[in-house]
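Please keep the sequence and the model in view while reading.

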Amino acid sequence: MELTDILKALINGLVYGSVYAIIAQGYYITFITTKTLNFGQGDFVMLGSLIGLSTFITITATGGSVWIAFIASLLLVIVILGICGWGLEQVAIRPLKSWHSIGWILSTVAVSMIVRNVAMLIWGRDVLMAPSPFGRAILDLGIMKIRYHDIFVLVSAVVIMLLLYVFLKKSLFGKALEAVAFNRDAASLMGINPRLMASIAFIIAGILAGVGGVLVGPMVHPGAFIGLFLGLKAFAVAIIGGIENPRGIFIGGLLLGVLENLFTLYSTSMKEAAAFFLILVILAVLPQGLFGKRVKEKF
Amino acid sequence: MLQVQNLSVSYGQASALHKVSMEVNEGEIVAVIGPNGAGKTTLLKAITGLQKAKEGTILYKGNEISGTPAHKILGYGLSHVPQGRQVFGDQSVEDNLILGAFSIKKEKQKIQELIEREYERFPRLKERRSQHAGTLSGGEQQMLAVSRALMSDPDLVILDEPSMGLSPIFVKQIFDTLLELKKSGKTVMVVEQLAMAALAISDRAYVLQVGEVKLHGESRDLLRDNSLVKTYLGSK
Amino acid sequence: MIKAKWWIYQIGIPLVLLYAFPWFFNNAHTIHVAQTFLITYIVIVGLNLLVGLSNQLSLGHVGFYAIGAYASAILTMKVGLNFFASILISALIAAVFGAIVALLSLRAKGPYLAMVTIAFGELVSIIANRWVDVTGGPAGIKTSVPSLFGFELGPIQYMWFIGLLAIIFTAGATNIFRGRFGRTFTAFGNSEVASEVLGINVRKWKILAFSVSAFLAGVGGGLFAFQNQFISSTTFELNLSIMFLIAVIIGGSGTKIGPIIGTVVIIGLPQFLHNFVDYHLMIFGGILLIALILLPDGIVGALTKLSFFKKFSSKKVNTELGILHDDREATIDLPDGISGKLLELQNISMHFGGLKAIDDVEIEVLGGTVHGIIGPNGSGKSTTVNVLSGVYMPSGGNLLWKGKNITKYAPHGIAQEGITRTFQNLQLFEDMSVLQNVMVGFHRHFKTGFLKNLLYLGQVSNEERYYAQKAYDLLRIVGLEERAYEKASDLPYGEQRLVEIARGLALKPDLLILDEPAAGASPKEIEKIMDVIQRLKNAGLSIILVEHHMDIVMNICDYITVLDFGKKICEGTPETIQNDPRVIEAYLGGEEVNQLVAGTKFVG
């Protein structure tokens, strides 16, 4: 094994990890506001990648420029997945909010089944090729080669994290969202409508899934059945980092991505197992994840 | 200004308030006192929509507000400082104040003015403006909670045990603030455990016991009433 | 249920149906579906015990299922064991893994718990996929045709065999449901902390629940391995775990016949949707979503709400009661009184972060007395009770019980020593009747073990009847005998508090801690509660009473400790306390404050 292999695994890991982290932020934002999350988040990612792919191909095929196509597909995905997030909250979360957690786990799974079926009807059962706006361009650093798309993903992920951070910490709506998360009653005394905030949280989660899908599309072969795998990875990341800690989730994402890819150097089966093994070990020791809050229950 | 009529509240099977009637007139300070578990907090929560009432009506300036969800109450000009401060601990002092003005959504200029007004009221808050609210002392948190509630420029301020867990010097400061609010034309309703202090600053008071109004009247009369100590420490 | 009736409904009718099935539906496909149904049903019965009774979540049951399947395949093919023996051994292996998963997930809650189980399931599925030498991976491995005593079992015989096992396991599950094991599973599923203070070692019981559930999943997996004489890793994926869970919830989690209906839905529906294969997921998802919204308690739960089906109502644990006597006098069964120091708190402190909830508190409780702990909001009373009952481990100081240091005991350990408590925020077992709630309190006195309960031997039913009578006597003491069969959560608040007191008494405690027993009760109920406490005092029970209603405290307590800001400010008899200026100050506001405020009034 050479140093370049390790370096390559590292960069690959950061790229994948950052996408997982972006998707996982969706879990964070809905969990803090509603104590629920979308178990079908992965299928929203899938939907995002496929809508992005179709839009991109349609526009480039009619002679549109690559970047116009990319931006158009991104915008379309944001709109559609935002609506999906809103709809999910309406049909699968709001009607059964007060019940046991198995309720919302299964209701969001139910929606994901429907989403997957719709995707199957539109895009078929096979995996597709998603072109990157950078094509197959490669940056040659001498010691190693990196795809431009990978660099783009990494940079985008950081930008999205920053945008999310700015939104939560600086905008009035973001502050209101955090206020609801911190103390629902006190927030409503400020005139903040917690139900509206729940909807907004799910819209943002949907958008994050969609954008994650657009970014990840060219890295995997998107198809109607990729959702489960992506959603599971992102969920693992959220749990490792501590689902109520956005920075923890980002670090957790990078950590998992890098570890996975380092394991690939030994064997691909270890790569697959790494995430889940890591989780069992971490949760046995730290039941709230690496950076989660520990709270004492009162009786 | 505020009229509560035959209000009953229960939590599941537990009855917390039973046919409570009371009123607050414009410009006065009204105290609600009584031992722990008397239903004082429940009364406030029912008024501001945090707790559903089983029966009874609540009128504010002649409008029926019972059943209005909490986030809409502020729109009527009624602001509630909840028990135990409940400041947003992981946000800065200034952000807490900004959130207090969430409902008015006025231009930045106006919000800035309001913030400055509150900083004048409690200079301590200005010193700590960028600190996380969770790191403030209890007394400072209470100041913040009061200021946050005043950011929407309410006509009626409702406070739930502002003295809880505070040292006397902070209690005095908070109570002074209530008197100042009254002077500036606001109406105040305050729930207190520190009965004597609450009676000292209020115009009228209601004594709650086990979910019912036991006594009410002018605060100065109640101060002299011997039965008060008994409601607190029991009789044998 | 009477014995004969039990045999008819649990064993007789199902056996006849099973035996007759092939005469009505004799084609290969239907027999195969029936086998799948029965195998899945066994898994669901196990998952229902875990999810329905003990409220744990498992999204990793496919892991146990796969372990059962592969282990029995290997044991028959490579070791050469009989298929049935290998299934049983594999199920035991699965049970061990169940215990491991339980241990790993003990402290995890909500999504974290979901993740632990998912991670386990996924790990098993990855191993099945990748360890091709042993599992055959996606290409699969062959297993043998099942045979018993030299006879090869054809499809119909194999279906009979699976059905027989299903009937046996159902009978076992029913026995578990109606006895103390089911009650204990339900108890800690409803409230872990209340179970602990009644002496239930929740950690141990969770492990048991996971093991039993995993065992049945293992049996299902083993049976599956021989259904087609072939298994491949593609079967064992997360989706299957989700399907199992769906069956439990749609059927009606925690009910006895829920698993049958749930299994019908997940096995039957795809048969009907055969012609709509392109829309299969969508229809299934839609039905699931609608069912979750409209039938939160599952199909069985919804049916039992209709009065016509009320008599079949089988929600949650039932107890075979026998006849409860009202004639003999109900007495309070208490241990011999102890005079002198019973409990000592030595310099107990409890810090949360920087906050000192209680600080250096010293309290001595004497045997046979009622010791009051009072103080304003936030003075540290609740924290003190939590420390006393082992719910919190104190940051400093010692807790001595009859001279023995019990500072580091878990709540169930403290309960075993004879200390129990009630809760300010009621912690009743909501899914149980009033009587069953009290019966859980006898936990530490029950003697019968798991196997005896599985078979529901005479000893078990005797024991059940004995303690049902005792529980009933306790309800008579608190005046709730007429409410015995009602759901505990349907009672008025004040009566719920009395149920908690009766439940605590069932432990036969040396010390009973009452945490605000009158909070939220109506004046009438308060009188009742006061009367009960007074009678307990007269019977010689040692009590710690935390209460806000001063009438109760001043009239009942022998001695009172007053806390303020986490410190003990004074203690003494009720008269002393009522006249102590420090107490009046703590409650009504000190002179200092009054003067300050009064001063401003005149200045202002």
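Why does A:V220 count as partly exposed? The model is a predicted one, and A:V220 has 17 C-beta neighbours inside 10 Å in it. A residue is called buried at 20 or more such neighbours and exposed at 12 or fewer, so the count for A:V220 falls in between. A:V220 sits in the loop that links helix 8 (194–216) and helix 9 (227–241) of chain A. A:I240 is 20 residues from A:V220 in sequence, and their C-alpha atoms are 23 Å apart in space.

Most residues other than glycine have a negative phi. C:N55 has a positive one, near 55 degrees, and phi of C:Q229 is positive as well, near 55 degrees. C:N55 lies in the loop between helix 2 (28–53) and helix 3 (61–79) of chain C. C:Q229 lies in the loop between helix 10 (202–227) and strand 4 (230–231) of chain C.

| Residue | C-beta atoms of other residues within 10 Å | State |
|---|---|---|
| C:N55 | 21 C-beta atoms | buried |
| C:Q229 | 13 C-beta atoms | partly exposed |

## Chain C as a whole

Chain C holds 25 helices and 14 strands. Its C-alpha atoms fill a box of roughly 95 × 55 × 50 Å along the principal axes. Chain C has 604 residues, of which 54% count as buried. Consider the contacts in chain C between residues at least 6 apart in sequence: 76% of these join residues at least 24 apart.

The domain assignment divides out domain 1 (3–237) and domain 2 (341–600) of chain C. Between the C-alpha centres of domain 1 and domain 2 of chain C the distance is 42 Å. Where the two meet, 20 residues of domain 1 and 31 residues of domain 2 of chain C take part in the contact. On the domain 1 side, helix 7 (155–178), helix 8 (180–190) and helix 9 (192–197) of chain C each give two or more residues. The largest share of that side, seven residues, belongs to helix 8 of chain C. By type, the domain 1 side has eight nonpolar, nine polar and three charged residues.

In soluble globular proteins, nonpolar side chains tend to be buried together. Here the largest nonpolar core has 365 residues, and those with the most contacts inside it are C:M115, C:L245, C:A471 and C:A502. At least three residues of this core come from each of domain 1 (3–237) and domain 2 (341–600) of chain C. Leaving aside residues up to four places away in sequence, C:A502 touches C:V438, C:L474, C:L475, C:V478 and C:L480.

## Where the chains meet

Which helix of chain C gives the largest share of the side that touches chain A? The contact joins 41 residues of chain C to 40 residues of chain A. Helix 5 (110–130), helix 11 (238–251), helix 13 (280–294) and helix 15 (381–388) of chain C each supply at least two residues to this side of chain C. The largest share, 12 residues, comes from helix 5 of chain C. This side of chain C is made up of 31 nonpolar, six polar and four charged residues.

Chain A also meets chain B, through 15 residues of chain A and 20 residues of chain B. On the chain A side, helix 6 (172–182) and helix 7 (184–189) of chain A are the elements that give two or more residues. Helix 6 of chain A gives the most, with six residues. The chain A side divides into eight nonpolar, four polar and three charged residues.

## One helix of chain B

Helix 4 (residues 108–121) of chain B has 14 residues. From its first C-alpha to its last, helix 4 of chain B reaches 20 Å, close to the 20 Å expected at 1.5 Å a residue. Its buried residues are B:L114, B:I115 and B:E118. These cover an arc of only 100 degrees around the axis, which puts them on the same side of helix 4 of chain B. The buried residues of helix 4 pack against helix 3 (93–100), helix 5 (123–127) and helix 6 (138–150) of chain B. The face of helix 4 of chain B turned away from the buried side carries the exposed residues B:Q109, B:Q112, B:E113, B:E116 and B:E120.

Notes. Residues numbered from 1 in each chain as written. Chains lettered and ligands numbered in written order. Predicted model: local features only at pLDDT ≥ 70, side-chain atom pairs only at ≥ 80, totals over all residues. Helix = DSSP H or I, 4+ residues; strand = E, 2+ residues; numbered from the N terminus. Expected span 1.5 Å × (residues − 1). Arc of directions from axis to C-beta. Contact = placed C-beta atoms within 7 Å. Nonpolar A, V, L, I, M, F, W, Y, C, P; charged D, E, K, R; others polar. Core = buried A, V, L, I, M, F, W, Y, C linked by C-beta atoms within 7 Å. Domains from an automatic or database assignment.
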